[in-house]
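Reader: Please show me the structure, and then let me ask about it one step at a time.

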Amino acid sequence: YTECNYAKAKNFFAQAIRAAYSNRVKDSVVSDAYAGMGRCLMEEGNVADAAKFFKAAEAGHSPETRLLVEEELETLHPK
């Protein structure tokens, strides 16, 4: 990537999250959407909201998403 379009990415993640909520889907794909939204928000500097999405992603994550979420949360709340 040389250019990131966070607004477009956030729109796609928001659509995925709304669709999952409407259809009562709870699996790793939904968790990935929450993590993706959190990542976009982090890149934009919106740390408070990013943390909320990373926390939501913890619920049903894939191993790859778990690693991303753990790393991002560690960045937000270092020990």
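Author: Buried means under 20% relative accessible area, exposed means over 50%, and partly exposed lies in between (1.4 Å probe, protein chains only). This is a predicted model, in which local features need pLDDT of at least 70 and side-chain atom pairs count only at pLDDT 80 or more, while totals for chains, interfaces and linings use all residues. Residues are numbered from 1 along each chain as its sequence is written, and side-chain values use heavy atoms, with hydrogens and water left out.

Reader: How many helices and strands does the protein have, and in what order do the elements run?

Author: Helices (H or I, at least four residues) and strands (E, at least two) are DSSP runs, numbered from the N terminus. The protein has four helices and zero strands. From the N terminus on, the order of the elements is α-α-α-α.

Reader: What span should helix 1 have, and what is the distance between its end C-alpha atoms?

Author: The expected span of a helix is 1.5 Å times one less than its number of residues. Helix 1 (residues 6–22) has 17 residues and should therefore span 24 Å. Its end C-alpha atoms agree with that, being 24 Å apart.

Reader: Where do the buried residues of helix 1 lie, and which helices do they pack against?

Author: The buried residues of helix 1 are Ala 14, Ile 17 and Ala 20. Down the helix axis they fall within an arc of 130° (taken from the directions from the axis to the C-beta atoms), so they line one face of helix 1. In contact terms (heavy atoms within 4.5 Å), these buried residues pack against helix 2 and helix 3 (47–57).

Reader: Is Arg 24 buried or exposed, and what is its phi?

Author: Arg 24 is in the loop between helix 1 and helix 2. Arg 24 counts as exposed because its relative accessibility is 74%. Its phi is positive, in a residue other than glycine, and is near 55°.

Reader: In helix 2, is Ser 31 buried or exposed, and what lies 2.3 Å from a polar atom of its side chain?

Author: Ser 31 belongs to helix 2 (residues 28–43). With a relative accessible area of 3%, Ser 31 is buried. A polar contact is a pair of N or O atoms within 3.5 Å; within protein, one must be able to donate a hydrogen and the other to accept it, and residues adjacent in sequence count only if both atoms are side-chain atoms. At 2.3 Å from a polar atom of the Ser 31 side chain is the backbone oxygen of Ala 57.

Reader: Which residues is Gly 38 in contact with, leaving aside neighbours within four places in sequence?

Author: Gly 38 is also in helix 2, and Gly 38 is buried, with a relative accessible area of 0%. The C-alpha atoms of Gly 38 and Ala 51 are separated by 6.8 Å, although the two are 13 residues apart along the chain. Leaving aside neighbours within four places in sequence, the contacts of Gly 38 are Ala 50, Phe 53 and Phe 54.

Reader: And which residues is Ala 33 in contact with, on that basis?

Author: Ala 33 is in helix 2 and counts as buried at 7% relative accessibility. Neighbours within four places in sequence aside, Ala 33 is in contact with Phe 13, Ala 16 and Ile 17.

Reader: In helix 3, which residues are buried, and which are exposed on the other side?

Author: The buried residues of helix 3 are Ala 50, Ala 51, Phe 54 and Ala 57. They fall within an arc of 120° seen down the axis, so they line one face of helix 3. Exposed on the other side of helix 3 are Ala 48 and Lys 52.
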